[in-house]
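Reader: I am new to this structure and would like to learn how to read its features. Might we begin with the idea of a contact?

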Amino acid sequence: LLDSHTASASVKHTFSPRLEGELSDTFQLSKNPESLLPGLSTVLNTDQSYSLNQLDGRLAANLTKRTGLTLKGRAATFAYDNETLAEELDRSEYLAGLAATHALLPEIQLVAEYRHQTIRYTDAGATKDKDSDFALGGVDYVLTSRAALSARVGAEYRRRKGADDEVLPYAELAAKTDYGRGSYLSVGYGFSVEEVSNLDVYTDMSVHRFFANVQHVITPKFVATASLSWEPTRLNGRPGISPDLDETNTRGGCALIYRVGPRWTLSATLDRDEIDSDDAGRMLKRTRAGLSARCVF
């Protein structure tokens with residue numbers, strides 16, 4: 001029985017006309033995860049279900065009419081049901097950031113941001129733990145009332161336990177246009193270094209992520225959505241254990257959503273995951289079709 005659950009709560013408070021804060025927490029029990037862990041499903045042939053708790057906080061201050069300062073924080077904890085996966089992948093991730101914004105023009109906002117990330121594994125942290133510092137600059141540009149661009153570029157200084165430290169580029173680029181009421185198209189690109197499932201062979205992986213999302217309102221009650229991501233990836237091998245290897249992850253999905261009422265929705269979905277990797281143990285193909293009901297209260 002694959003029953004998934006999500007519970008969330010949030011509180012927002014305005015301390016003064018220039019200072020507001022927000023705190024939210026989400027707890028998720030994920031059965032039959034949306035994307036399987038490559039390199040583990042074929043070897044272990046086991047349940048990859050997990051629980052995730054994520055706490056987010058934000059404190060935003062308007063220093064002047066055109067300049068703002070935002071302090072952000074996140075703590076996320078992953079716990080896998082299977083004992084073997086838990087020993088390999090259970091971890092906590094902490095992220096803190098400080099962002100300064102300045103409205104150069106009514107439609108152009110400049111952004112400067114610093115982030116610090118800490119990743120701590122429950123077991124064998126001496127070879128798996130990591131710390132990163134990010135320095136980013138960017139711009140948010142409102143082209144029209146229906147179209148906007150956003151960009152963040154910079155560098156990450158990544159310090160790995162049991163492997164070499166490295167200075168890496170970082171990028172987040174996105175564009176969105178609303179072409180109808182409730183209908184939109186968004187596209188983007190990102191580059192980042194992320195955790196990998198085979199931690200005994202690889203330290204992490206460098207991911208180029210190209211994506212596109214579309215939502216189209218057919219009628220007030222029927223909505224169609226589709227998404228596609230293409231992710232050329234480099235698996236960063238552990239010195240003396242594995243060389244760096246190439247991998248490509250392609251994900252696509254579509255859904256037809258029926259709004260029964262203000263609280264209930266019914267969805268029919270179709271998803272495809274495909275991983276083509278130089279590591280034969282990470283090759284993966286999966287097609288899923290499903291029906292789901294959702295109630296928000």
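Author: Contact means that heavy atoms lie within 4.5 Å. This is a predicted model, in which local features need pLDDT of at least 70 and side-chain atom pairs count only at pLDDT 80 or more, while totals for chains, interfaces and linings use all residues. Residues are numbered from 1 along each chain as its sequence is written, and side-chain values use heavy atoms, with hydrogens and water left out.

Reader: With which residues is Gly162 in contact, leaving aside its neighbours within four places in sequence?

Author: Gly162 is in contact with Ala126, Thr127 and Arg238, once neighbours within four places in sequence are left aside. Helices (H or I, at least four residues) and strands (E, at least two) are DSSP runs, numbered from the N terminus. Gly162 belongs to the loop between β8 (147-160) and β9 (166-180). Its C-alpha atom is separated by 19 Å from that of Arg234, which is 72 residues apart from Gly162 along the chain.

Reader: Does one call Gly162 buried or exposed?

Author: Buried means under 20% relative accessible area, exposed over 50%, and partly exposed in between (1.4 Å probe, protein chains only). Gly162 counts as exposed because its relative accessibility is 56%.

Reader: Which strand holds Gly188, and what is in contact with this residue?

Author: Gly188 is placed in strand β10 (residues 183-194). With a relative accessible area of 16%, Gly188 is buried. Leaving aside neighbours within four places in sequence, Gly188 is in contact with Leu173, Ala174, Arg209, Phe210 and Phe211.

Reader: What is a salt bridge, and how many does a search of the whole structure find?

Author: A salt bridge is a side-chain nitrogen of Lys or Arg within 4 Å of a carboxyl oxygen of Asp or Glu. A search of the whole structure finds 25 salt bridges. One of them joins the side chains of Lys31 and Asp81 (2.8 Å, N to O). Because Lys31 lies in the loop between β2 (19-30) and α1 (41-44), and Asp81 in the loop between β4 and α2 (83-89), the pair ties together parts that are 50 residues apart in sequence. Lys31 is partly exposed, with a relative accessible area of 24%, and Asp81 is partly exposed at 41% relative accessibility.

Reader: Which residue forms a salt bridge with Arg74?

Author: Arg74 forms a salt bridge with Asp56, the closest N and O atoms being 2.6 Å apart. Arg74 lies in strand β4 and Asp56 in strand β3 (residues 50-62), so this pair ties together parts that are 18 residues apart in sequence. Arg74 counts as partly exposed at 39% relative accessibility, whereas Asp56 counts as buried at 19%. In another salt bridge, the side chains of Arg91 and Glu93 meet at 2.8 Å, N to O, and both residues are buried. Lys130, Glu156, Arg158, Arg160, Glu166, Glu195 and Asp204 are linked in a network of salt bridges.

Reader: What is the phi of Ala124?

Author: Most residues other than glycine have a negative phi. Ala124 has a positive phi of about 55 degrees although it is not a glycine. Ala124 is found in the loop between β6 (108-121) and α3 (125-128).
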